[in-house]
Amino acid sequence: MKFRACPLREGSLSLHAMSKRVRVRFAPSPTGGLHLGGVRTVLYNYLFAKKHGGDFLVRIEDTDQSRYVPGAEEYIFDTLKWCGLEPDESVQYGGNYGPYRQSERKATYRQYAEQLVKDGHAYYAFDTPEELEKMRHDFKTEQNSSPQYDSNIRMKMRNSLTLAADETEKLLAEGTRHVIRIKIPLHETVSFTDMIRGQVSFDTSVVDDKVLLKADGMPTYHLAVVVDDYLMKISHAFRGEEWLPSAPVHILLWKYLFGLENMPQCAHFPLILGPNGKLSKRDGAKYGFPVFAMSWNDPKTNELTEGFKEKGFLPEAFINLLALLGWNDGTEQEIFTKEELIEKFSLERVHSAGAKFDYEKAKWFNHEWIKQSAVGNLQLAVKNLLAQNGITVGNDALLEKVIGLVKDRCVLLPDFVQQSSFFFKAPETLDVDAVKPKWDEGKKNFFVAYAEKSQAAAEWNATVLENTFKDLAGEKGIKPGELQLPFRIMLVGGKFGPPVFNIAELLGKEETIERINRAINMFG
RNA sequence: GGCCCGUUCGUCUAAGGGUUAGGACACCACCCUUUCACGGUGGUGAUACGAGUUCGAAUCUCGUACGGGCUACCA
């Protein structure tokens, strides 16, 4: 980390971290939802910025209207909010370097694109999509399965390099559809230092003349990212590994436009992989786990993709598991709060290899977080979940006790429904089959007596209940163990839940006795 | 096809020239528990392959193989 010495008024010297600004870009389009890899990119950017006392900013990429999905932008910010990763600057949160939405910066991008043409680093291209397709077809060979618009091809196409100057002028004056392409130099080695991978080099002869400004006047990512990073004074640019191959284009643009010395430091994060390569939206449905942070309902296809939130993950657990997918602090610690992550995160310890997502381990993280969560942190979510299942909780104090009692056995939030419904509502059906084969008069008599004894009990708690139960069983000559399962079925309805006597304690005297009597009749 | 990145138990990973290659998830066994879990103890299980450098290589170098990414007027 770099430091800059700052003299204080008193004359002493103190070290201040140089201000860091990192940014993340979002397209409110591709699939709409923010998938695992996207959120992790945000997370690492966020952690880095916060750790170094810098600013974390989000830019919105609404470059391609045909792909723009309504609602996606709001969705992005909802997701960031749920994850606790709100940016310091963005369309929604404001800041001093706006506008942050790409479509509102069109004039700026054009200005720099024209500048490049003037300096001989870019050119106008008038080729139609059909002509491009023809080119790709005509020049396709066995050695080159996908020909690029590059130094070999460009002189055979219709652009300001091949056309006479007055012809170009005329086409432009007529408003002919055109794009601006970067003119990649012939044989030049472009290299840069990636904070995770070290030095990476490319030969420009394999880079194509990327479109910088599209026919509709919108910039491509390549132009926008460089111009914005400069104008918004970005110091660090981190993104996914899938961007590595386009880095040379960006380096060249920095060189031509703003100077290499002003280029942000960059890092490319490893990909998050699904069972088969890069994690895709399809993998979720295919393998049965969520790939989006929050449920995304595609307004175009009306297709719903379930998210981690709706699946019952705690946001704390979600960012925890994401952080550990490609990074660790070198110790054996695995459970981190956001604050700890900020404190301990370091780019040097981010892996360079892709990480395959494991849903089982993800669930383990959530389980750990539920177990260590304070009851208050869970209460609202559980209450809502119960309400969704038709159970209204009238007694919050009881709910608190119930959550405390059952949270150790809940992996996902919805598990609370099964584990705690019966505290608020008597089970509608009892697992009679589990009891009947061994049910007899002796047991029936026991429970009739136990109900009577309970009625008379002066104290009502698990210990007293259990002692009474065991004493009575002894008197009747029945093993207490044989009576516990029927008792559980009576109260819970099935073979699950916390220890029976704890359940009875929370249920209270009246309810417990009522359930015993009701069940005795059902067992016959 | 070309270019780039990568490769330690099934999965996430630790080990920065010298360790019986460590931990976690999952799995198995036992203990605890007469429900289901939690928890505890133990177990199975990895340095892709081949050369080289070195007294010594998971670690450094090269090659091979395999995996992934990119190769759009998408990001």
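Of the 524 residues of chain A, 49% are classed as buried. The model is predicted. Its accessible surface amounts to about 24,900 Å². Carbon and sulfur atoms hold 49% of that surface. The secondary structure of chain A consists of 20 helices and 16 strands. The radius of gyration of chain A is 32 Å. For 524 residues the globule rule gives 24 Å, and the value for chain A is well over this, so the chain is more spread out than a compact globule. The C-alpha trace spans about 110 × 70 × 40 Å along its principal axes. Contacts were also examined by sequence separation. Among those between residues at least 6 apart in sequence, 70% join residues at least 24 apart.

Two helix pairs were examined. Two packed helices are described by the angle between their axes and the distance between the axes. The pair α3 and α7 comprises residues 106-118 and residues 247-257, respectively. From α3, the contact draws on Tyr-112, Gln-115 and Leu-116. From α7, it draws on Leu-253, Tyr-256 and Leu-257. By class, this contact has 5 nonpolar residues and 1 polar residue, with no charged residues.

The second pair is formed by α13 (residues 375-388) and α14 (residues 396-406). Here the axes are 10 Å apart, and the packing angle is about 105°. The two helices are therefore roughly perpendicular to each other. On the α13 side, the contact residues are Val-375, Leu-378, Gln-379, Val-382, Lys-383 and Leu-386. They meet Asp-396, Leu-399, Glu-400, Ile-403 and Gly-404 of α14. The contact of α13 with α14 has 6 nonpolar, 2 polar and 3 charged residues.

Several loop residues were also considered. Thr-220 sits in the loop between β9 (211-213) and α6 (221-231). Its relative accessibility is 13%. Thr-220 counts as buried because this value is under the 20% cut-off. Not counting residues up to four places away in sequence, Thr-220 touches Val-211, Leu-212 and Lys-214. A separate comparison involves Asp-64. Thr-220 and Asp-64 are 156 residues apart in sequence, yet their C-alpha atoms are 8.9 Å apart in space.

Backbone geometry was examined at three further loop positions. The peptide bond from Gly-98 to Pro-99 is cis, with omega near -5°. Pro-99 belongs to the loop between α2 (72-83) and α3.

Lys-233 has a positive phi of about 55°, although this residue is not a glycine. The loop that holds Lys-233 runs between α6 and β10 (236-240). With a relative accessible area of 54%, Lys-233 is exposed.

Asn-302 likewise is a residue other than glycine with a positive phi, here near 60°. It is found in the loop between β14 (296-298) and β15 (303-305). Asn-302 has a relative accessible area of 61% and is exposed.

Note on methods
Residues are numbered from 1 along each chain as its sequence is written. Chains are lettered from A and ligands numbered from 1 in the order in which they are written. This is a predicted model: local features need pLDDT of at least 70, side-chain atom pairs count only at pLDDT 80 or more; totals for chains, interfaces and linings use all residues. Side-chain values use heavy atoms; hydrogens and water are left out. Axes are lines fitted to C-alpha atoms, for helices over the stretch in contact, and angles run from 0 to 180 degrees between N-to-C directions. Helices (H or I, at least four residues) and strands (E, at least two) are DSSP runs, numbered from the N terminus. Contact means heavy atoms within 4.5 Å. Ala, Val, Leu, Ile, Met, Phe, Trp, Tyr, Cys and Pro count as nonpolar, Asp, Glu, Lys and Arg as charged, and the others, Gly among them, as polar. The radius of gyration is taken over C-alpha atoms; the globule rule is 2.2 Å times the number of residues to the power 0.38. Buried means under 20% relative accessible area, exposed over 50%, partly exposed in between (1.4 Å probe, protein chains only). Accessible areas come from the Shrake-Rupley method with a 1.4 Å probe; for residues, only the protein chains shown count as cover. Angles under 35 degrees count as roughly parallel, over 145 as roughly antiparallel, 65 to 115 as roughly perpendicular and the rest as oblique.
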